[in-house]
Amino acid sequence: MSVPAIHLYDTRRRAVVPFEPLVEGKAGIYTCGPTVYAPQTLGNMRSQFTPDVLRRLLIAAGYEVTFVTNITDVGHLVSDADEGDDKMEKSARAQGISAADVAAHWTEQWATDRRRLGMLEPDVRPAASEHIAEQIAMVQALEAQGRTYLIDDGVYFDVSTFPAYADFAHLNLDELEATGRVETAGKRHPADFALWKLSPPDSTRLQEWDSPWGVGFPGWHIECSAMATKYLGERFDIHTGGVDHIRVHHTNEVAQSECSLDVHPWVSIWVHTEFLDLKGRKISKSAGDVLVVDTLVEEGIDPLAFRYFLFQAHYRSQQEFSIEGVRSAGTALRRIVHHAVAARDAVDGAVNQDDPARTQPYRDEFWGHLADDLNTPRALAVVATVARDAQLSAADRWSLLADFDQVLGFGLADATDPEAADDSAADPRIAALLAERTAARAAKDWAEADRIRDVLAAEGLEIVDTPDGPVARRRT
C-alpha cells in the first residue's frame, strides 16, 4: 500500500499545499483540546475527529507521528475580550467542589468519548495547570523584547509590536468590535490580549500562582503556545482546531509564538474544521441540555455511527446534524461491518490473499481521496462500493476493508456481525425488558431506561439500535 503525496488546505496561506515535514519521515500535530468545565458537545468532537483522521493518514503513509492535544483547566475566560469569569472557576464554584475535581471529571468524560468515537489516544496530553513555568517563561521572553505592558488586571501583548498580527485571519483592526472583543480599561488597543491575569486584590481564586508580575493565572492563548512548543519544538508541522479559533485564539497564538521564539512560520500548516450545524436543536435530557456523545447512547445509537456520519462530510464544510442522519449512518455502518466480518471470517483474517489486479484500483482511489485534503466523503464512497462489489472475492474484500480501517477506525478486525442472532428474540424476559425500556423512553423516564440498560449490561448484553427497533445482543 502506498499513500500518495498528501495535500492539505492551510488556513494561513488560504490554499491547498503539499505536506512537507520539517523532519524527514516525522510529523508533529498539535490540536486544541477541551476546556474541561463541562461535557464536550458533538460539535467539539467534530474538531477532534479531523485530526484523528489526519493522524491516521500520516501513520498509514509511513510517518512517525507525535500527536499532542492539551487540556485547558485554567485561564479560559467566558469572553474573548479577556473579561468575565474563568470557565473553570465558575463551574467549580457553582458545584461547590475544587477546580481540580471539575477538571478530572470532565477530562475523563472527554477521553471516554474519544474512545467511543474510535479515536486514537493522544501521544501527549498536557494540562495547562501543570505547565505554569513554561507559560511564565514565554511571557518573560515577550516582556524582554518590549512587546508587553502591565495594567491593573494583568500583562498584555501589544499587537502594535507585531505588524503582521492581522495577516493570519485577514483581520481589519479598525473594525475589531465585530469580533466581539471590546475595550478593557487600560488596554492600548482592542486587539491587545492578556498573557497573565492578576488575581483581584480583594479575593482569592481557586487557581492562582506566583509570578514576576504578582499572583494570578495564565491567559488562555499563552497556554497552547507554551505546551505546543515544549512537546513539538519551536517550529512544528500541523496545528488543528475549530474555525471559531481562527480570529482570536489562533491569531494570538501566532503573534506571541512567532515573537517570543523569533520564528516564521511557527506552524507549517493550519487545519481548521467547520461547525457542526445543530440548527438550534438541544435534545439531550441528562447531559447539561446539549448534544453530547451520551445523547446518542440515550437514543440507542452506537457512537461509531456518529464517526461514520462525520466521514460523510468534508471537514471544511458545515455539516447539518440530525438524529435521523446519524441513525442512517448507523445503518450504513452496520452494512459495512457485516460484509467485512463475513469476508474476514471466510479467509480467517488473512489480508495477503487478494488479487492486486482487482484491489489496487480501489486502494489507489481510497488513499488518493484522503491525500487530497482529507476528502472523506469520496473515500467513504469507495468503501461502500468495495462492500457490495460482487466481482471481489472474500480475500479481496477483507484485504481492502482491513487496509481502509487504518483510517476508518471502525475496529473491523475485532468486530462482530451486527446481523448476528438477536438474543432478545430467544428470551421472552429480555424482550420484555426491552419493551419496558422503550416505554420508559417514550415517557421520558430516563432513569428507568438507564436502569434497564444497566441490568442487561450486567448480563453481558448490549442494546443495539436497528431499523426494526432495539435488540439485545451478546457481547463477544
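Which residues form one aromatic cluster with Phe49? Select Tyr308, Phe311 and Phe410 along with Phe49, and you have the whole group on screen. Keep in mind as you click around that this is a predicted model.

**Stop 1: rings in pairs**

Let's visit one of them: pick Phe157 and Phe193, a stacked pair with 5.1 Å from centre to centre and 20° between the planes. If you wonder why those two numbers come up, a ring pair is described by the distance of the centres and the angle of the planes.

Now colour the strands. Phe157 belongs to strand E6 (residues 154-157) and Phe193 to strand E7 (residues 193-198), so this pair ties together parts that are 36 residues apart in sequence.

**Stop 2**

**Stop 3: an arginine over a ring**

Next, select Tyr9 and Arg316. You'll find Arg316 over the face of the Tyr9 ring, 4.2 Å from the ring centre.

**Stop 4: a cis peptide bond**

Time to look at the backbone. Zoom in on His264 and Pro265, which are joined by a cis peptide bond with omega at about -5°. Pro265 sits in the loop between helix H6 (246-261) and strand E10 (267-273).

**Stop 5: two positive phi angles**

Go back to the loop between E6 and E7 and select His170 there. Its phi is near 55°, a positive value in a residue other than glycine.

Then jump to Leu374, in the loop between helix H10 (356-371) and helix H11 (376-388). Leu374 isn't a glycine either, yet its phi is positive, at about 55°.

Before you leave, show the surface once more. Is His170 buried or exposed? With a relative accessible area of 53%, His170 is exposed. And Leu374, buried or exposed? Leu374 is buried, its relative accessible area being 2%.

Notes. Residues numbered from 1 in each chain as written. Predicted model: local features only at pLDDT ≥ 70, side-chain atom pairs only at ≥ 80, totals over all residues. Heavy atoms only, no water. Phe/Tyr/Trp six-rings, centres within 6.5 Å; stacked < 30°, edge-to-face > 60°. Helix = DSSP H or I, 4+ residues; strand = E, 2+ residues; numbered from the N terminus. Lys NZ or Arg CZ within 6 Å of the ring centre and 35° of its normal. Buried < 20%, exposed > 50% of the residue type's maximum accessible area, 1.4 Å probe, protein only.
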